[in-house]
Amino acid sequence: MSYQIKEVFYSLQGEGVHTGRPAIFCRFSQCNLWTGREQDRDSAICSFCDTDFVGTDGQNGGRFADAKALTQHLLSFWPKSTQIHPFVVLTGGEPLLQVDQNLVDELHKYKIEIAIETNGTKLPPKGIDWICVSPKAGAPWILTEGDELKLVYPQIGLLPNHISITGFNHFYLQPMDGADQAKNLKSAISFCLQHPEWRLSLQTHKIMNID
């Protein structure tokens, strides 16, 4: 299977449990909840998406013929001076439209720790080391187990006190970005204080002005 990659970059994880951890980010093209075109945003299930995942023209993006080619490309971004095994975050768009068992197995050949950020509408191949699910209101939520549940807040029809979180180990509310971000942040803080099983996730990469 070939892979369409919007961009690849090395940076710090900005959200959730692994905030501050160095990682190689691999952003897959395509999503099943929005085309990525602005003219389709209002009718999209995930109309608040803040990510450009269209095409393969981002930094270090491209089309890769097979799992070996993509794995070697990703490895080139990890510091050669360290003995720490690489940590790769597969994101999108929706990475599970493309991530398959061949890619997981090839990454593990090089002792790469694999994390994935998914909207939960697809089941993953076996062996992914860290699964972060960020479900979206109006979309089928199929993947109801994982390591981290990261809920963009608020979403009408998918509020944290109305969903089951028993299949996850960590629970994060992430204030929805946009014109109401300040109000959403205040509301998310209030909810976390009243429901301490939830933690607040900030997009620290935006605060630090890094990728």
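Visitor: Is Asn 60 buried, partly exposed or exposed?
Guide: Asn 60 counts as partly exposed, because its relative accessibility is 33%. Keep in mind that this is a predicted model.

Visitor: Where does Asn 60 lie?
Guide: Asn 60 lies in the loop between S2 and strand S3 (62-64).

Visitor: Which other residue has a positive phi although it is not a glycine?
Guide: Lys 111 has one, at about 55°. Lys 111 lies in the loop between H2 and S5.

Visitor: And is Lys 111 buried or exposed?
Guide: Lys 111 counts as exposed, because its relative accessibility is 55%. The cut-off for exposed is over 50%.

Visitor: Switching to peptide bonds. Which bond into Gly 93 is cis?
Guide: The one from Gly 92 to Gly 93, with omega near 20°. Gly 93 is found in the loop between S4 and helix H2 (101-109).

Visitor: What about the bond from Tyr 153 to Pro 154?
Guide: That peptide bond is cis too, with omega near 0°. Pro 154 sits in the loop between S7 and S8.

Visitor: Pockets next. How much space lies in the largest pocket?
Guide: About 890 Å³. Its lining has 40 residues.

Visitor: Which of them lie nearest its centre?
Guide: Glu 15, Arg 27, Asp 50, Thr 51 and Gly 92.

Visitor: Which elements supply the pocket lining?
Guide: Strands S1 (3-12), S2 (22-28), S5 (113-118), S7 (148-153) and S8 (170-175), plus helix H4 (204-207), each give at least two residues. S1 has the largest share, with four residues.

Visitor: How does that lining split by class?
Guide: There are 13 nonpolar, 14 polar and 13 charged residues.

Visitor: Which residues line the largest cavity?
Guide: Among them are Gln 13, His 18, Phe 87, Trp 130, Cys 132 and Lys 150. Glu 15 is another, and Glu 15 also belongs to the pocket lining.

Visitor: On to the outside. Which residues form the nonpolar patch on the surface?
Guide: Leu 12, Ile 189, Leu 193, Leu 200, Leu 202, Ile 207, Met 208 and Ile 210. Together they have about 690 Å² of accessible area.

Visitor: Where does Leu 12 lie?
Guide: In strand S1. Leu 12 is partly exposed, because its relative accessible area is 30%.

Visitor: Now Ile 24. Buried or exposed?
Guide: Ile 24 counts as buried, because its relative accessibility is 0%. The cut-off for buried is under 20%. Ile 24 is found in strand S2.

Visitor: How far is the C-alpha of Ile 24 from that of Leu 159?
Guide: They are separated by 31 Å. Along the chain, the two residues are 135 residues apart.

Terms used:
Residues numbered from 1 in each chain as written. Predicted model: local features only at pLDDT ≥ 70, side-chain atom pairs only at ≥ 80, totals over all residues. Heavy atoms only, no water. 1 Å grid on protein atoms, 1.4 Å probe; cavity = no way out; pocket = protein on both sides within 12 Å on 5 of 7 lines; lining within 4 Å. Points joined across faces, edges and corners; volume = space filled by probe spheres on them. Nonpolar A, V, L, I, M, F, W, Y, C, P; charged D, E, K, R; others polar. Patch = residues over 30% accessible without salt bridge, like charges linked within 9 Å, V, L, I, M, F, W, Y side chains within 5 Å. Areas by Shrake-Rupley, 256 points an atom, 1.4 Å probe, with all protein chains shown as cover. Salt bridge = Lys/Arg side-chain N within 4 Å of Asp/Glu carboxyl O. Buried < 20%, exposed > 50% of the residue type's maximum accessible area, 1.4 Å probe, protein only.
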